[in-house]
Amino acid sequence: MGSLYNDHPTWLHGLSAGLKLLVLALLGAGVFATQDLTVLFASAGACVLTFASLGRATKPTQPLLIGLLITSVLIGLFHVYMQQPWLGVVSVLRLLCTTLMGLALTLTTRYTDLLAVLEWLLSPLRFFGMHPERLSLQVALMLRFTEHFFVVWRRLDEAHRLRTGKAGGFKILAPLTIHMLVAARRVADTLHVRFQR
Amino acid sequence: MNTSSLSIALVSLFAALIAVLGLIPKIDLPLGVPITMQTLGVMLAGCLLGPKRALQALALFLAAVAIGLPLLSGGRGGIGMFFAPTSGYLIGWPVGAFVVGWIMHTLPSATPRAAAISAFMASVIGGLLVVHVFGVIGLVHIANLPWEKAIMGTLVFVPGDLIKCALCATVVHTVARGLPDWRFGG
């Protein structure tokens, strides 16, 4: 399964994942802490310019941008209807800032780099007996089995269609779940043999 | 079998199952809130894995979404999803799964019928009530909706979610018959 990362080179690709996450976290906290329209308009302008500067790399995000536009219009219209247009503008500007920067981060940062930052952030959990380094293994297992279960789902659906002439729909959810639980036991055995834990 | 290996496998594979549930097409309602079968995955995680593993499975799933994997219904992903008006629902998923698991753990599940009834009750409280409480808080704080409007907005999803609770109970019933040695609620 591919991520939303786009390898078309942009200036943001050169920055470290940790720095981009830090900027996003500060921006997110900042726009939610203020209601000053000047600050929010300035932040939104900067975010739009930053996003636009990525050029062709933003092309795959068009469906997400359309969703953002529709959501923004609906929120704006709702607040106009509630006779609070100022609140609508604040909400839409906040949404615009955080979503555009979130998309920019996702487009320009490999998920393995973000995973490394996430593991680093979770490293203090070692003191509580947890294992942040397992995160990479678990994400890899999850991705491998997402495709596998989707194939199983389609096979079950085809088998149901052959038997009944109708699509399986939710009737095949229970067999799929049982398949998943049995597969988990097999994978656990394999992990135990491989890592002896 | 080692419980640590089993935990890793169950958490990862259940997160994968939730991702597969997102491949079923979503229905969008006003305010951009989608009806998604992934909330059924939240209920199932709690019922089948127990509180701790269910929480871990949902946390893993959301971590994968946050790092940009398009695992949410409609192929959405990325950290921006956690700033959207619906992010309250997303944050409510791990908490809801934990509550479902905890309730399932305390209720009887010795027979398939008892397990299904317990699963329905646990799903209604954890998968429906808790998730919607978080969703409403998100709508109020991010979309700046008044409390009563946010509550009215979220009520639209309750009939659909009650159907998901019934579906969850049916799946648990089938699993109880198909895998008699399975320990519901962890």
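Leaving aside its neighbours within four places in sequence, with which residues is A:Asn6 in contact? In this predicted model, the contacts of A:Asn6 beyond those neighbours are A:His13, A:Arg56, A:Ala57, A:Pro60 and A:Leu107.

**Around A:Asn6**

A:Asn6 belongs to the segment that comes before α1 of chain A, and it is buried, with a relative accessible area of 14%. Its side chain reaches the backbone nitrogen of A:His8 at 2.9 Å, while a polar atom of the side chain of A:Asn6 also lies 3.1 Å from the backbone oxygen of A:Ala57.

**Where chain A meets chain B**

The contact between the two chains takes 60 residues from chain A and 62 residues from chain B. About 5,200 Å² of area is buried between chain A and chain B, and carbon and sulfur atoms give 81% of this area. Within the area that chain A buries against chain B, A:Met142, A:Leu181 and A:Arg185 supply 13%, which is more than any other three residues.

Between chain A and chain B the count is one salt bridge: A:Arg185 forms a salt bridge with B:Asp181, and the closest N and O atoms are 3.3 Å apart. Four residue pairs, both members at pLDDT 80 or more, are found in polar contact across the interface of chain A and chain B. On the side of chain A that touches chain B, the elements giving two or more residues are α1 (17-33), α3 (62-81), α4 (85-108), α5 (111-122), α6 (134-164) and α7 (173-195) of chain A. The largest share of that side comes from α7(A), with 16 residues. By residue type, the side of chain A that touches chain B divides into 41 nonpolar, 14 polar and five charged residues.

A:Thr190 also lies in helix α7 of chain A, and at 52% relative accessibility A:Thr190 counts as exposed.

**Aromatic pairs**

Over all chains the structure holds three aromatic pairs, and two of them are set out below.

| Pair | Centre to centre | Angle between planes | Arrangement |
|---|---|---|---|
| A:Phe145 and A:Phe149 | 5.7 Å | 40° | tilted |
| B:Tyr89 and B:Phe157 | 6.5 Å | 70° | edge-to-face |

A:Phe145 and A:Phe149 are four residues apart in helix α6 of chain A, so about one helical turn separates them; A:Phe145 and A:Phe149 are both buried. In chain B, B:Tyr89 lies in helix α4 (residues 87-106) and B:Phe157 in the loop between α6 (147-155) and α7 (158-178), so this pair ties together parts that are 68 residues apart in sequence. B:Tyr89 counts as buried at 10% relative accessibility, and B:Phe157 is buried too, with a relative accessible area of 9%.

**A positive phi in chain B**

Most residues other than glycine have a negative phi. For B:Asn144, however, phi is near 55°, a positive value in a residue other than glycine. B:Asn144 has its place in the loop between α5 (112-142) and α6 of chain B, and B:Asn144 is buried, with a relative accessible area of 14%.

Notes
Residues are numbered from 1 along each chain as its sequence is written. Chains are lettered from A and ligands numbered from 1 in the order in which they are written. Side-chain values use heavy atoms; hydrogens and water are left out. Contact means heavy atoms within 4.5 Å. Buried area is the accessible area (1.4 Å probe) that two parts lose on being put together, summed over both. A salt bridge is a side-chain nitrogen of Lys or Arg within 4 Å of a carboxyl oxygen of Asp or Glu. A polar contact is a pair of N or O atoms within 3.5 Å; within protein, one must be able to donate a hydrogen and the other to accept it, and residues adjacent in sequence count only if both atoms are side-chain atoms. Ala, Val, Leu, Ile, Met, Phe, Trp, Tyr, Cys and Pro count as nonpolar, Asp, Glu, Lys and Arg as charged, and the others, Gly among them, as polar. Buried means under 20% relative accessible area, exposed over 50%, partly exposed in between (1.4 Å probe, protein chains only). Rings of Phe, Tyr and Trp (its six-membered ring) pair if their centres lie within 6.5 Å; planes under 30 degrees apart count as stacked, over 60 as edge-to-face and the rest as tilted.
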